[in-house]
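Please read the points below alongside the sequence and the model.

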Number of protein chains: 4
Amino acid sequence: MTKVAIIGASGYTGVELARILCNHPHISLTTVTSRQHEGQTLGRVFPNLIKKVDLVCENLSPEQLSSRADLFFTAVPHKTAMDIVPTLLTEGKKVIDLSADFRIRDVTVYEKWYQKHTAQQILAEAVYGLPELYREEIKSSRLIANPGCYPTSIILGLAPLLKAGVIDPQSIIADSKSGTSGAGRSAQVGTLFCEVADGFRAYKVAAHRHTPEIEQEINRLGRCNVNISFTPHLLPISRGILSTVYAQLTDRIETAKIKNLYDEMYNDEYFIRVLPEDSFPATQYVRGSNYCDIGFKIDPRTGRIIIMSAIDNIVKGAAGQAVQNMNLMCGFPETAGLEGAPFFP
Amino acid sequence: MTKVAIIGASGYTGVELARILCNHPHISLTTVTSRQHEGQTLGRVFPNLIKKVDLVCENLSPEQLSSRADLFFTAVPHKTAMDIVPTLLTEGKKVIDLSADFRIRDVTVYEKWYQKHTAQQILAEAVYGLPELYREEIKSSRLIANPGCYPTSIILGLAPLLKAGVIDPQSIIADSKSGTSGAGRSAQVGTLFCEVADGFRAYKVAAHRHTPEIEQEINRLGRCNVNISFTPHLLPISRGILSTVYAQLTDRIETAKIKNLYDEMYNDEYFIRVLPEDSFPATQYVRGSNYCDIGFKIDPRTGRIIIMSAIDNIVKGAAGQAVQNMNLMCGFPETAGLEGAPFFP
Amino acid sequence: MTKVAIIGASGYTGVELARILCNHPHISLTTVTSRQHEGQTLGRVFPNLIKKVDLVCENLSPEQLSSRADLFFTAVPHKTAMDIVPTLLTEGKKVIDLSADFRIRDVTVYEKWYQKHTAQQILAEAVYGLPELYREEIKSSRLIANPGCYPTSIILGLAPLLKAGVIDPQSIIADSKSGTSGAGRSAQVGTLFCEVADGFRAYKVAAHRHTPEIEQEINRLGRCNVNISFTPHLLPISRGILSTVYAQLTDRIETAKIKNLYDEMYNDEYFIRVLPEDSFPATQYVRGSNYCDIGFKIDPRTGRIIIMSAIDNIVKGAAGQAVQNMNLMCGFPETAGLEGAPFFP
Amino acid sequence: MTKVAIIGASGYTGVELARILCNHPHISLTTVTSRQHEGQTLGRVFPNLIKKVDLVCENLSPEQLSSRADLFFTAVPHKTAMDIVPTLLTEGKKVIDLSADFRIRDVTVYEKWYQKHTAQQILAEAVYGLPELYREEIKSSRLIANPGCYPTSIILGLAPLLKAGVIDPQSIIADSKSGTSGAGRSAQVGTLFCEVADGFRAYKVAAHRHTPEIEQEINRLGRCNVNISFTPHLLPISRGILSTVYAQLTDRIETAKIKNLYDEMYNDEYFIRVLPEDSFPATQYVRGSNYCDIGFKIDPRTGRIIIMSAIDNIVKGAAGQAVQNMNLMCGFPETAGLEGAPFFP
């Protein structure tokens, strides 16, 4: 059994990692850390885990941590990740980092949108953990930069079209809507029930930090160098992202041909479900699962294609994708621990 | 006191009309109709109205109706409106029609998106009831085509920019999200609580009937002839629409100058609130009110402007706007019955 | 115009007071205070109030405050109220206190459930502000203890039965469910959207501080001295309380006779709606209004009566009732500012 | 592999059965039926099941069905179940019936609350499928009457206390709150999103058909013959039941002793989690799982005990418990297919 630890287990990504890992057939969860809840059982912090995870939250240094496991999930804020990950790698461990710290390859871009990068020496070996794009690199890596939730939904929706060159990358507009778990579990007025329920709004318009991450992958897939529009919104639901993406088609093209592009790229992908014509994805149909559901519509009146992509933001957008990456890194079946069907209603 | 009737009082628009009208200082609500609930008090159908509206739902022909009131709100499905409205006009009554039947000036467009138009003789005199654009025409009209909810939010958000010619109309993309009351009160599996709650999806992608209505007004304001992209989504909330609208700026332009365009057009508009820079509207801040809140952001990286516009879909998007139109038609203060502040939370 | 101030305007009770008062025909809102938001407009804190309330939040001592208004709403936490109210009274002002500090007549009971009482000298003149029970006393008082939200719903539901002696007070069990606004607007993990949404739980079981307040009024109405069971629960809604109250009937009694008891006591009460037989109240039908809806059912199998009582916890359970009290104290029509119908959906 | 069929797969219980069964290690789901959706894939009816269940909905007679599987889940309305089950038993099949038709042992009671019983010949062999009470009988039965959702939560919460005789059965009051999935998936105005969201109400007060089922088991456990009070309420959530149950203690008793009674009965029960003192269950911590979480509080002021019991109404309250019963009937590990942790948030 591979020994696994979760660093930063008291957020929504942490509890979801624990939920998935506690039933994973090939690993043993040995350690969970939380400064805030040090000394408490994880089941006390998250009563859904009572009788499923019996670990006590600890507060350990990277050095102390390294003996506890073979592979670490770092589910801590960016900046904190840069402080922890280098030590773990030095100790010969595998790391899947769920922060943004190792996602941006160009350090000047990272420093423009985030802050100074203090672990540049290991940045080059980080692999962007989107298995549908980087499966082979992930298998042989020891440091995975687990993608952001919004980028996962947008990039998977666009990849086949960008590779085939059928859309104009310059024209891409991604209008994304996320459940509130994406805002984290810290006590803030803005995410109180009464502030979010029965409401809807955009936030960080033309200013969200996932923008350069999305552009990095779009430009690589489309062999271009564009800026795109990305607008995040806050949904009054706990889990789920739906991205509605608009792009100008470079030519008249039939629906069937677009469908073929998706099928060719994704037919063998367990976690991608390309929907039939005139079916559109909904967050409630991927809830609790690692699926990404994709639908599209060509609008001949405007020459645009509208792509819709739905994921559960804390599964395929965070914890589930991290476990998928772990499976690849460790040689387990890629779907191990992730076969559960979405729950509806 | 002007006598007023609601034809089709058992839908969400009907109950909202009754809620507003029961406290209106200048009118008397004399009649409410409902085939389905004939013989029941409106308070039995909608217990929120107990002790506020004591009328019994009736099932009357247009001829029988005409003696009951001076002004009629027809809150019935399209097609049905065409059957009722001509008689009421012939009898010398004022009509505010909340269906789509008199919104589209070009009958061929109407017939392409809806069905055969059977009341073309009165179409020409119908005024599109968006007071911020057609105030004077409304005052002297006897037939108002009350705008659709989505078009209201999108057109108000775009009007100052289109008039000033600072955006390229061809580039307009409107990504709109509506509360579930917009889907009506008929018993359907698709709008059951368990199908909608904790979820989110797009619907009628590149195919929604509000598209030609939006285009009609955009083309008039922008003196152009374009098709736009419009994608409606279903929010797990009861009330509220947020439209996020994207357009290419024709030139580099400063935020302050755009703000000026909004202020010039809307400074004297009671029901429009242009938000300060970097404030974005939210549906929960217009809930239950006739306000339209508008915010925007220029993205210099892409040359696009993002406009956000929030309304309560059954107030400014339906019943409230209808009462605003009535006030104009009858010479009442435009805000009569509509001064209530939005309720939050 | 009577000048009115809200002390503590940045909570959910404060914003609701401002929403109601900004349209009140007989008062002028002159001052709003908030330590946390000092210097900000109230519309910035609560964007629903933009263009409706143009005041800036101030941070003033009780002495500074007293010149600002004739009547004060103190919407501050208990303990803080005791520090402010005596000064305001000394300055000759009227006060409606929305905290618990002046609700409990027996100081030893107060000190057992809350803390030391430091304003005992004015406790005796405080009137419990439930107009349906204490209308005359309220009219001539200068200090109103505005009732708690749960007590309002439970006491109004039980009063006619207790007065008539048809139930055994000892047997009373009140199972109450409240929307999350009742938990206030402070940043806490427990009331984050993701913790509350799509969930339900009891809290402070057999330990909630509203218990002695409920018992005080029950014992007075029933001329008895009992302890009752009261269990609060947290609903995933913003507004609304439903209390389901169980009591043993002292005798076989017919539904019509019970209905008569309610009608006799409440027929002339504008804000009480006794529902017809086999109709039960729902929070969604009192939303945003000052109504208390009451229904009941006799269960001959068990000899119990089940009473259900619904209010909007921040209207009839807080701000609305406070305004009703102000109207009585100032000689305004009791319903002034409170005639709006509940909004549904 | 045991072959299994779901009769009535298009309701919320049906889709949940399919969700659980599609990953069950010891069975093969061979057939799903639905009159309404005949000819459609189950994934089309419930897109969460795309790629997980590839069956097409069929419309088959009991005779046609019997060759399809070894064990049948009948997830049809009561009355319909009586028409189907006898044939399946005659054909030598095992049946787990999720309707009410075989839950009530006394046919006169059944006929009083439901309708005429037309399959009395097999009623006697039906075992009430609550494994924590009837495990051995279930193992050897061929017909299981799967318990109702409310009864499951109430009976499991009360069983240890009734067996030990520490409460007065006559005094039991069960105030239960259920998510809307319990109301089924048929198109009805009353369960539309806008009617349920942001609201709360009681329904079928003192008249719900689960009452005799609850009493049957209470009377058996307590060796008594009482009527109890049971009030169901509708929560604005999809999944989850919380029952708050009140009972008079027969004697002064310490919390630790009550805790012991629960631990003795439930310590070896995988699916029961007795919470530590002063912890109370919440529906959001059992969501998607087969757990029943139980907490309690003694109130020395009233001599009552308050018991709270939370389940997911469509898992432990329906589909999950049915699979648990199947596991027992077929000799599989009792937890097979049901080990998934609850998901939160």
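1. Between them, chain A and chain B bury about 4,100 Å², buried area being the accessible area (1.4 Å probe) that two parts lose on being put together, summed over both. Carbon and sulfur atoms carry 53% of that area. On the chain A side, Asp198(A), Phe200(A) and Arg301(A) lose the most area to chain B, together 17% of what that side buries. The contact (heavy atoms within 4.5 Å) takes 50 residues from chain A and 50 residues from chain B.

2. This is a predicted model, in which local features need pLDDT of at least 70 and side-chain atom pairs count only at pLDDT 80 or more, while totals for chains, interfaces and linings use all residues. Residues are numbered from 1 along each chain as its sequence is written, chains are lettered from A and ligands numbered from 1 in the order in which they are written, and side-chain values use heavy atoms, with hydrogens and water left out.

3. Across the interface of chain A and chain B there are 6 salt bridges, each a side-chain nitrogen of Lys or Arg within 4 Å of a carboxyl oxygen of Asp or Glu. Among them is the one joining the side chains of Asp175(A) and Lys177(B), at 3.0 Å from N to O.

4. The interface of chain A and chain B also has 28 residue pairs in polar contact, both residues at pLDDT 80 or more. A polar contact is a pair of N or O atoms within 3.5 Å; within protein, one must be able to donate a hydrogen and the other to accept it, and residues adjacent in sequence count only if both atoms are side-chain atoms. Elements of chain A that each supply at least two residues to the side touching chain B include β8 (173-178), α10 (210-222) and β13 (292-299); helices (H or I, at least four residues) and strands (E, at least two) are DSSP runs, numbered from the N terminus. β8(A) gives the most, with 4 residues.

5. Chain A and chain C bury about 1,600 Å², 66% of it from carbon and sulfur atoms. The contact takes 18 residues from chain A and 18 residues from chain C.

6. Between chain A and chain C the count is 2 salt bridges. One of them pairs the side chains of Arg185(C) and Glu195(A), at 2.9 Å from N to O. α9(A) supplies the largest share of the side of chain A that touches chain C, 4 residues.

7. In helix α7 (residues 131-139) of chain D, Pro131(D), Glu132(D), Leu133(D), Tyr134(D) and Ile138(D) are buried, meaning under 20% relative accessible area (1.4 Å probe, protein chains only). Seen down the axis of α7(D), the buried residues fall within an arc of 155°, so they line one face of the helix; the arc is that of the directions from the helix axis to the C-beta atoms.

How values were computed:
Buried < 20%, exposed > 50% of the residue type's maximum accessible area, 1.4 Å probe, protein only.
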